[in-house]
Amino acid sequence: MKTKIIIILAFIMSVVFYQNFAGDKTIKQDGDGQSNNQSAIFEPDGEDITGETSVENDGAQLLSDIENNKKSYSNFYSKGPGNIKKISLTFDDGPGRSTDFVLKLLKEKNVKATFFLLGTQVEKNPKLAKRILEEGHEIGNHTYSHLNFYSYSESSRAEVIERELMKSGKILSRVLGINPRLVRYPNGYSKPDALEIAERYGYKVINWSFGEDWKRKIKNGQMYSQYLRAVSNGAILLFHDTHKNSKSLSFLPKLIDEIKKRKYEIATVSELLSLDDK
Ligand SMILES: [Zn+2]
C-alpha cells in the first residue's frame, strides 16, 4: 500500500514538474534537424549556428505575432517601404569569425550594412567591433548572450529581456561610445513584452524579410538564388558573420553584384526606414 502511494505521488510530481518547466518551450531550433530548446543557444565558434531559426520552424506563429504586433507597435519592423528600390543587408551574432571577410567585401563593393552585435562577442573582439563602426556601418544591439526568450516563462521573461538588452547596450556604449537605437532580439523574438521594453529604452525592433545562411544543408548556389528571389523593395536580408568558414558566405559577392545590377540601392536599416527623418 505504502509503495503504491509513493508511486502515485511520484507520478503526480513528475506531471506537475513537466507542465511547469517544459510547457513554454515551443520553438524548435534548426541545426540539421536537431531540436534544441535550451536557453543558451549561441555557439561561439560559429560552427553550429542556431541562428534566427524560429521563422522557419515556427513560421506561422511568428508571422501571426508579427502581424499582431504591427497593429499596435510602431517600433517594430521586418521590412522597409515597398515603394522604393532600396534594401538592407544585416549581419547578426558578431563580431565573429567571418566579420573580416564581410568587412573587406563590403568595402570592395562600397556598400554599408547593419551589424547586430552580441555583447559577449564585443567583449571578446573589441577591435573588430570598432572596425565595423570605423568603416561606416551601422551597429545595432542583438542583446548580451543570445538567450532564447521563447524558452522562459512569462513571469520571468521580461526581467531577462531587459537585463540582456541593457547589459549589451552598456558594453556597446563603453567599447564603441555609441548608444544604438536598433535592436534585433535573438530568434526574431517579437512578442509584446520585448517590444514594450525596447520602446521604453528608445529602441526600434528590427526583424528581417529573409534569411537562411545558417542552414548548412542548403548549397551555396541554391542559397544565392533564394536570397536573390527575396530581393524586392524594402527587403531586409539576414546573414551571420560568425561562420567558421567564410565559404558559407561565398555567394555574397555575387549576390551584391546582382542586387546592384538590378538597380537597388543598398542602405543601412536606419536609412531604409528613414529613421533620421522621424
Ligand atoms: Zn542571432
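Start with helix α7, residues 154–176, and helix α8, residues 192–200: their axes come within 10 Å and cross at roughly 40°. This is a predicted model: local features need pLDDT of at least 70, side-chain atom pairs count only at pLDDT 80 or more, and totals for chains, interfaces and linings use all residues. Residues are numbered from 1 along each chain, as its sequence is written.

Some terms. Helices are DSSP runs of H or I, at least four residues, and strands are runs of E, at least two, numbered from the N terminus. Axes are lines fitted to C-alpha atoms, for helices over the stretch in contact, and angles run from 0 to 180 degrees between N-to-C directions.

Under 35 degrees counts as roughly parallel, over 145 as roughly antiparallel, 65 to 115 as roughly perpendicular, and the rest as oblique. α7 passes α8 in a right-handed crossing, meaning the near helix is turned clockwise from the far one by less than a right angle.

Which residues in α7 meet α8? They are R157, A158, I161, E162 and L165, and they meet D193, A194 and I197 in α8. Contact here means C-beta atoms, placed from the backbone, within 7 Å. By class, that contact has five nonpolar, no polar and three charged residues. Ala, Val, Leu, Ile, Met, Phe, Trp, Tyr, Cys and Pro count as nonpolar, Asp, Glu, Lys and Arg as charged, and the others, Gly among them, as polar.

Stay on α8. Buried there are A194, L195, I197 and A198. They sit on the same side of α8, because they cover an arc of only 160° around the axis. Buried means 20 or more other C-beta atoms within 10 Å, exposed means 12 or fewer, and partly exposed is in between. The arc is that of the directions from the helix axis to the C-beta atoms. After α8 comes G202, with a positive phi near 75°.

Next, K215. Its place is the loop between β7 (210–211) and α9 (220–229). K215 and S248 are 33 residues apart in sequence, yet 9.6 Å apart in space, C-alpha to C-alpha.

Last, α9 and helix α10, residues 252–261. Their axes come within 10 Å and cross at roughly 30°. That makes α9 roughly parallel to α10. Y224, Y227 and L228 in α9 meet K254, L255 and E258 in α10. The classes are four nonpolar, no polar and two charged.

Technical notes: Two residues are in contact if their C-beta atoms, placed from the backbone, lie within 7 Å.
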